[in-house]
Protein chains: 2
Amino acid sequence: MTTLRIAEIFGPTIQGEGALIGQPTIFVRAGGCDYRCSWCDSMHAVDSSFRHSWPAMEPAAIMARIEDLSGGQPLTVSISGGNPAIQDFGPLIAMGRARGYGFALETQGSIARDWFADLDMLVLSPKPPSSNEVPDIAAFEACLAARGRGEVSLKIVIFDDADYAWARDFADRHPDLPLYLQPGNPEVDPEVPVMAQDVADRLLWLVGRVNADRWFRPRLLPQLHVMLWGNMRGV
Amino acid sequence: MTTLRIAEIFGPTIQGEGALIGQPTIFVRAGGCDYRCSWCDSMHAVDSSFRHSWPAMEPAAIMARIEDLSGGQPLTVSISGGNPAIQDFGPLIAMGRARGYGFALETQGSIARDWFADLDMLVLSPKPPSSNEVPDIAAFEACLAARGRGEVSLKIVIFDDADYAWARDFADRHPDLPLYLQPGNPEVDPEVPVMAQDVADRLLWLVGRVNADRWFRPRLLPQLHVMLWGNMRGV
């Protein structure tokens, strides 16, 4: 069976972002990405200079690690990255689902995969202008079309007014998707302490922004894990 | 039409707790309660010595205030308290729904009302032992039976190990309800600053608690509004 390059497997902890915020979760962070966002907070799973730290693992070995961390007690597994859609997570998801585990996937929506249909939650997070990446709309639509039995949600990181305007336009084209906006985190060095008040202040800015426009559609959430643990890895 | 005793109407802000965390919301806080929880954080809407500050309002006047605050742009209205179920919010909900507003209700589940069926979200928050209140199971079941087209979720505040054990037992009897656990806030004086780290630490304790038991069902969420604004009122 094809191996997968994995940067980290950790948990159980709680999901810190988006539609599943607060949900007990084990994270499987895939190595490798087709994007290079200016403010990437997971460069250790993106920059191929870290590739030596991404062991090639069989799906069965990943599943064994998940079962070890969770004591065999099923819970939600969130596959993130990097962009996990550059690899084939279909066999891992099939194996885990057979044992009662649920699967969420976080991806920017640049590559569609047929195994998206087996997810419980597909989180599509197209990147706004501040990332210096430009989403491919056709690829994003293909990701949406690959959805199956599970839920799909839209999560957009907002650093500034330009991102906000872009997010509103993008979201308007997908009026049926649950929408989550999340303030960007400009400090991504795990060695630098994060000030909880700074995280709070960025969310308060976003609350003020949507209130001023009376745009009541998006849910506004912080990166709760950053409020709890700063930029520490493995939590 | 019967008037309603209202302690506060404020917003739009974001919902800070439970299933709708992050959702833009206007809060209508009803005055009066059939409980007196030891750690109540809304005594200004509970203790009848505050009754002079709860104007008796017609539903139409409440709706006019909601429309004024939201500029007539529909959003979620959360009816809280006190225990709003001691009054008849049916006419207000019918009026708001006709204008496109959605309604959530927060109640301990001690009094069932037929208008629960018209809610988009019924949040039942039975009180654990630290409250010094004892939930009436038959009344709680009647609240569940009154559910209609909307969602129902269970939210339980946890101060200590005894609350945690009680919550687990209570939740086990309702395996189909989405479950949210929320650390208690021992400091409820709006004049006393809240330390964000203290709020974080209480959530971290709860994360450790469910992890130790590998009880992966509940979602664990803080009072996000307390992290953002402390105990300030009207936000």
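Colleague: In β5(A), which residue is the bridge partner of S78(A)?

Modeller: This is a predicted model, in which local features need pLDDT of at least 70, side-chain atom pairs count only at pLDDT 80 or more, and totals for chains, interfaces and linings use all residues. Residues are numbered from 1 along each chain as its sequence is written, chains are lettered from A and ligands numbered from 1 in the order written, and side-chain values use heavy atoms, without hydrogens and water. Strands β4 (residues 76-80) and β5 (residues 102-107) of chain A pair in the parallel sense over four bridges; strands are DSSP runs of E, at least two residues, numbered from the N terminus, and helices are runs of H or I, at least four. In β5(A), the partner of S78(A) is A104(A).

Colleague: Which strands of chain A stand at the edges of the sheet?

Modeller: The open, mixed sheet of chain A runs β3-β1-β2-β4-β5-β6-β7-β8-β9, where pairing requires at least two DSSP bridges between two strands. Two strands have a single partner each, so one side of each lacks a neighbour in the sheet: β3 (56-57) and β9 (219-220) of chain A.

Colleague: How are α1(A) and α2(A) oriented to each other?

Modeller: The axes of α1 (residues 59-69) and α2 (residues 90-98) of chain A come within 9 Å and cross at roughly 45°; axes are lines fitted to C-alpha atoms over the stretch in contact, with angles from 0 to 180 degrees between N-to-C directions. Angles under 35 degrees count as roughly parallel, over 145 as roughly antiparallel, 65 to 115 as roughly perpendicular and the rest as oblique. The two helices, α1(A) and α2(A), are therefore oblique.
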